[in-house]
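Please open the model in your viewer and keep the selection panel at hand. The stops below are meant to be taken in order.

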Amino acid sequence: MAERNRKYGRTPLWLANRRAEHDVLAELVNAVRGGTGRALVVSGEPGIGKSLMLDHAAELAVGLRVVRVTGVQSEMELPFAGLHQLSAPVLSGLEALTAPQRDALRIAFGLSDGPTPDRFLVGLAVLGLLSEAAGEQPLLCVVDDHQWLDQASAQALGFIARRLAADPVGLVFGTREPGEELAGLPELNLRGLNDDDAGALLDSVLTAPLDTRIRDQIIAETGGNPLALLELPRGLSAGQLAGGFGLPGVVSVSGRIEESFLHRLEALPPQSRRLLQLAAADPSGDAALVWRAAAPLGIPICAAAGAAENAGLVEFTTRVRFRHPLLRSAAYRSASAEDRQAIHLALAEATDPVADPDRRAWHRAQGASGPDEAIAAELEASAGRALARGGLAAAAAFLQRAVVLSVDPVRRAERILSAAEAGLKAGAFSTALDLLDSAEARSLDELQGARVDLLRGRVGFASALGGDTLPMLLKAAQRLEPLDRDLARDTYLTAWMAAVFAGRRGTGTNIRKISGAAQNLRPPESGPVAADRALHALTLLVTEGPAAAVPALREIVTFFTGTDVTTAERLHLGWFAQAAASALWDLGTWRAMLTRQARHARNAGALDQLPILLAALGVATLWEGDFAAADALLAESDAICTATGTSIAPFIPIMAATLRGDEEAAQSLITAAIADGRAQGQGVAEAFAQWNGAILHNSLGRYDQAAELAAAAAEDSPGLYVSLWALPELVEATARSGRPDHARAALDRLERSVLASGEEPGLGIAVRSRALLTSGAAAERLYREAIDRLGRTALRPELARAHLVYGEWLRRENRRVDARAELRTAHDMLVGMGAAAFADRARRELLACGETARKRTVGVANTLTAQEAFIARLAADGHTNPEIGAQLFISARTVEWHLRNVFAKLGISSRRELGDALDTFARLVAESGDE
């Protein structure tokens, strides 16, 4: 840094008021040196000293390996450019990564071809590289000008920074204002020097006496900004320094600094100024490229470069390094529009069209004097390559520039729509909507107009998962029918699923109207494919009911549990297939399908699908009474949501708290989910919470409250999911609260569904529900049949509840000995699985029968965290640390750190002991807490 200060005329006096900041950096470096990962965001206005502070961190990193990355404003459109800078020195560790991570990174960096990688999988791969490198020597990564990194790199680096735990890796960012990618990370905000230190720094660069009033004014107006203090006096004449009144009007500090740099540029010989303009126009910093482009522009390289370096404005080695990013900006702005075009064209000609076609296309686009269809086509090709590498934001940028250069109006409209779709996939919803507004302002054909409707609907669904988008999706599907039959079908599927999420909160239309319209879609000419069958089965269920739909639903389930399903079909249609299994009450197959679907989504890096898949799988798992497995799924889901910024209703926490009988936690979650569901138009979340509220109140014997909530949940999306699941709760609640007519109506709806499918889980629950409304010997036969049927399923909570209600009936029949046997069975089952409220209901019934059952604290606090339990189970099942890390978005080293904690808590010393130790621990947890 001392050499850099000397070359650019800087002075270490800026450190005079930075002792606290120095201590923060020293603490971070020492933590990394000691084996702990740390991240820090150094923020502040331009010129405040961020880059020098990052240099200082590198100086402190004695014994650490230092890797540097610098964002360049004009490179923001090139996907993963910044991440490639960071990874290049450690790419030798590529083979140590898991295959999905290795493949994702190679595709992202353009080293191989393949399906578009998930950006978070790319981030996890780089975390793995850094962790491997840090295993040999602690690593400090310094990222300057983060605000100018390409979006893909910025997101990945923020992802990595939040996952540094047991990895001796430090990440220090320099940025003007921390954006969303860095939100929540520790921040060191740099402010201006105090007046004394600012005065000392100013005095250090003065070459002539300075009038006291001017000195005070400079200090005041710069706010102690070190670079401004160094640069502003350079723009003042000797007369002004001596006492004149020539300071500029009020402008921002960065504006003042740029103006100072402009004055210094103007003092250069014209060819030197031209060389700096050329260098500023190329984001790569490749000096050889600049030299090649300088020749056709007639710039004498040696003389021009020498004068610029002697002025302390730039450094030419193998790379071009400007004194400050604001100087690069000032140099570029100093060129006329005509000169910029010539510069970019020269750079385009100097860029290898094979090795770097995207940068060449970008320079050609900047050099274009007007619309140019050939360049627009090149940009479109660059967008395609960016999409293939996972650079969604870059693809949108290429396409937007292609729109400007388009000559053909048809191609222009197509590029606008493609840019909008890229923006949608990148999460830039407002940009996508602006582009769609632009498209609608042009002359569109019918297909393009329908695609606008479709994209608007998809933006609405992706951004809110609510009901406001249903009319748009339905309109798009209907417009597409005569134009693109298969796209219309896929749009109907999207609309159908959007309607499921919206439930009764859908506005403008509903699932019945969408299903009716989809049933009228003309048959495919070459015979139905899986997507056609899925759409037909699910919409038929809504329009005609379960009896008519069961054969079609079963066909879908059979196909998706077979071996002929492609990965693409599973990713595209798996969610619809599991909906068919759920509608059939084939709950064992439903869980198996969700398990398989989640595995395929993990392997494919489909992180957009995983949270909702894991939520559904968690519900299926809890329904079988496997709380430990549900906790593990929640840990995985939380890791994904934290990594991706995804928000999802707390389905697993709600049901887990409900079935465990944790009234306080369950009620809090249920109340919040109902309010959020209503506010966000997500009826499915609202109904799910109401269903669980009904379960909770039934377990506590509050049947009036349970009936109210169950009735609301049962009206969500008739014949699907929660609307079916709530019916048994409604039957029990209304039967127990003295409303048999309401109970029979609910039972009739339930039986229409389960009798059509004929699956044991549904039949067992329905028979148990009918028993509640029956008396005498017929009731007893029904209770026994329910226990027999449910005993052949994996639904342990439902079986235990069957024993419970049978025992309650027997007690009311004054058959106390028989009642005790059923109630003891129910109590022991419920205690064993951790269902405290229902277990307590059974205990109270036993007391009424004259038998004392010890009240237990069911499911005592587990000394293993959910994440530790999940990691331990995966390790016990034979998964390697890298495989576990990939699933939880942490490094293999952090997995090992967690396992050491697990070993200590369980009193074991090796992975071989994990299986038995976990089983023993789970049994002790279930049996603990006798009062």
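The tour goes from the nonpolar cores to a helix and then to aromatic rings.

This is a predicted model, in which local features need pLDDT of at least 70 and side-chain atom pairs count only at pLDDT 80 or more, while totals for chains, interfaces and linings use all residues. Residues are numbered from 1 along each chain as its sequence is written, and side-chain values use heavy atoms, with hydrogens and water left out.

Begin by selecting Leu83, Ile160, Trp496, Trp691 and Trp725, the residues with the most contacts inside the largest nonpolar core, which has 209 residues. A nonpolar core here is a set of buried Ala, Val, Leu, Ile, Met, Phe, Trp, Tyr and Cys residues joined through side-chain atoms within 4.5 Å, where buried means under 20% relative accessible area, exposed over 50% and partly exposed in between, with a 1.4 Å probe and protein chains only. Another core, of 35 residues, lies apart from it and can be found by selecting, among them, Ile257, Ala279, Leu289 and Ala350.

Next, centre on Trp496 and show its contacts (heavy atoms within 4.5 Å): leaving aside residues up to four places away in sequence, Trp496 touches Ile511, Ile514, Ser515, Leu538, Thr539, Val542, Phe576, Ala579 and Leu720.

Now select residues 485-502, helix α25; helices (H or I, at least four residues) are DSSP runs, numbered from the N terminus. Helix α25 has 18 residues and reaches 25 Å from its first C-alpha to its last, close to the 26 Å expected at 1.5 Å a residue, the expected span being 1.5 Å times one less than the number of residues. Because 14 of its 18 residues are buried, α25 is largely enclosed by the rest of the structure. Glycine 503 follows α25, and its phi is positive, near 55°.

Rings of Phe, Tyr and Trp (its six-membered ring) pair if their centres lie within 6.5 Å, and planes under 30 degrees apart count as stacked, over 60 as edge-to-face and the rest as tilted. Tryptophan 590 and tryptophan 725 form a tilted pair, 5.5 Å centre to centre with 55° between the planes. Since tryptophan 590 lies in helix α30 (residues 587-604) and tryptophan 725 in helix α37 (residues 721-736), the pair ties together parts that are 135 residues apart in sequence.

Technical notes: Helices (H or I, at least four residues) and strands (E, at least two) are DSSP runs, numbered from the N terminus.
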